Amino acid sequence: AGYEIAHAWDPAREVGGDFYDFLPLPHGKLGLLMADVADKGIPAALFMATTSTLLRVSAHDHAAPDQALQHANAWINAGNREDMFVTAWYGILDPASQRVDFANAGHSLALHVQAADGAIRMLRPAGMPLGVTEDLVLERDAVTLAPGDLLVLYTDGVIDALNEAEEDFGQDR
């Protein structure tokens, strides 16, 4: 209650490795997950299918976003025979406090757009992707949302998109 969520997904090919999810959590909280496998097509989609399950289970087993990502990383590394990796941003929205606690495993930085003045803040920190190292160290941060604020999550497909002149859309835009 009190929040609107919008989403769009347009894979580069018929299937892809991008993934997002909204996870109902205890005490009325909501998990916000955005992830991207570093590949395209069927191999990326298959790797993401496994990874998405591991991320969902880890989110339900760990109350802190950094711990959930670290737990998923351990399982991803245990079964990663393809040497693939996945970037992931995971936040937990607590509607009672309007706070989003989050951790970032090498994913594109989320944006906090403040309704009061239109200021845009890139939400850091960003750690290593999942599946790269067994000793994944992630930092946790938080942002408090005011009425009308936007939290924007995206994959690199947005910033890497090319216009007719073959120019990247880019992070600044």
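## Pairing of β1 and β2

Two strands count as paired if DSSP finds at least two bridges between them. In this predicted model, β1 and β2 run antiparallel and are joined by seven bridges. One of the residues concerned is D21, whose bridge partner in β2 is L33. Five residues lie between the two strands of this hairpin, and H27 takes a positive phi there, near 65 degrees.

On its other pairing, β2 is joined to β3 by eight bridges, and these two strands are antiparallel as well. L30 stands opposite L93 of β3.

## The sheet

Strands of a sheet pair through backbone hydrogen bonds, in either a parallel or an antiparallel way. Here five strands make an open sheet with antiparallel pairing, in the order β1-β2-β3-β4-β7. The edges are taken by β1 and β7 (140-144); each has a single partner strand, so one side of each has no neighbour in the sheet. On average, neighbouring strands are turned by 20 degrees against each other, direction ignored.

How is β2 covered? Eight of its eight residues are buried. This holds for both faces: L30, L32, M34 and D36 are buried on one side, and G31, L33, A35 and V37 on the other.

## Helices across the sheet

α1 lies across β1, β2 and β3 and runs at about 20 degrees to β1. α2 lies across β3, β4 and β7, at about 30 degrees to β4.

D66 is a residue of helix α2. With a relative accessible area of 9%, D66 falls under the 20% limit and is therefore buried. Beyond its neighbours within four places in sequence, D66 is in contact with A103, L138, E139 and R140.

## Nonpolar cores

The largest nonpolar core holds 25 residues, of which A35, V37, L55, L69, V86, Y90 and L130 touch the most other members. Two or more residues come from each of β1 (18-24), β2 (30-37), α1 (41-61), α2 (65-79), β3 (86-94) and β4 (99-105). The most come from α1, which gives five residues. Apart from this core lies another, of ten residues, including L30, L93, F102 and A110.

Which residues are in contact with V86, leaving aside its neighbours within four places in sequence? They are A35, D36, V37, F47, M48, T51, I76, A105, P129 and L130.

How values were computed:
Residues numbered from 1 in each chain as written. Predicted model: local features only at pLDDT ≥ 70, side-chain atom pairs only at ≥ 80, totals over all residues. Heavy atoms only, no water. Core = buried A, V, L, I, M, F, W, Y, C linked by side-chain atoms within 4.5 Å. Buried < 20%, exposed > 50% of the residue type's maximum accessible area, 1.4 Å probe, protein only. Helix = DSSP H or I, 4+ residues; strand = E, 2+ residues; numbered from the N terminus. Contact = heavy atoms within 4.5 Å. Axes fitted to C-alpha atoms, helices over the stretch in contact; angles between N-to-C directions.
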